[in-house]
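Good morning, and thank you for coming. Please look at the sequence and the structure as I put them on the screen.

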Amino acid sequence: MLFTETSGHFSPGRLVATRNLLEWVPKEEILRAYCRHLNCDWGNVPDSDKRSNNYALNHGGRLLSAYRSEGGVQFWIITEADRSSTTCLLPEEY
């Protein structure tokens, strides 16, 4: 899955999802999580990661969100520090 989109909070660059994630999580759920990520709802990350993400919005740096699918599969969404791309993946693929 691949497309480009822009949000009001930050530019996510090119969106990519791994094949393994697409096998385990429906695209609709990934896209819902992606919308949350674009709106700075970082999902199920520790408070320290939320603070890091909020700092990175203004000062540069990687953005990491973590979500759980309706089927219980945990997955991450990572926007690169240079905002060139955002990747949706399973934690073990990192």
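With which residues is cysteine 88 in contact, leaving aside its neighbours within four places in sequence? They are Leu15, Val16, Ala17, Thr18, Leu21, Ile30, Trp76 and Ile77, where contact means heavy atoms within 4.5 Å.

A word on the source. This is a predicted model, in which local features need pLDDT of at least 70 and side-chain atom pairs count only at pLDDT 80 or more, while totals for chains, interfaces and linings use all residues. Residues are numbered from 1 along each chain as its sequence is written, and side-chain values use heavy atoms, with hydrogens and water left out.

Let us turn to the core. Cys88 is one of the residues that touch the most other members of the largest nonpolar core, together with Leu21, Val25, Phe75 and Ile77. This core has 20 residues. A nonpolar core is a set of buried Ala, Val, Leu, Ile, Met, Phe, Trp, Tyr and Cys residues joined through side-chain atoms within 4.5 Å; buried means under 20% relative accessible area, exposed over 50%, and partly exposed in between, with a 1.4 Å probe and protein chains only. Strand E2 (14–17), helix H2, strand E3 (63–68) and strand E4 each give two or more residues to this core, and H2 gives the most, with 4 residues. Helices (H or I, at least four residues) and strands (E, at least two) are DSSP runs, numbered from the N terminus. In soluble globular proteins, nonpolar side chains tend to be buried together.

Next, H2 itself. This helix covers residues 27–38. Its buried residues are Glu29, Ile30, Ala33, Tyr34, His37 and Leu38. An α-helix has 3.6 residues a turn, so residues three or four places apart point the same way.

What is the phi of cysteine 40, which follows H2? Phi is positive there, near 65 degrees, although cysteine 40 is not a glycine. Cysteine 40 lies in the loop between H2 and helix H3 (47–59) and is partly exposed, at 22% relative accessible area. Arginine 83, in the loop between E4 and strand E5 (85–89), also has a positive phi, near 60 degrees. Arginine 83 is buried, at 16%.

Finally, threonine 79 is in strand E4 (residues 74–79). Threonine 79 counts as buried because its relative accessibility is 0%. Its side chain joins that of threonine 86 in a polar contact of 2.7 Å.

Terms used: Expected span 1.5 Å × (residues − 1). Polar contact = N/O pair within 3.5 Å; in protein donor to acceptor, adjacent residues only side chain to side chain.
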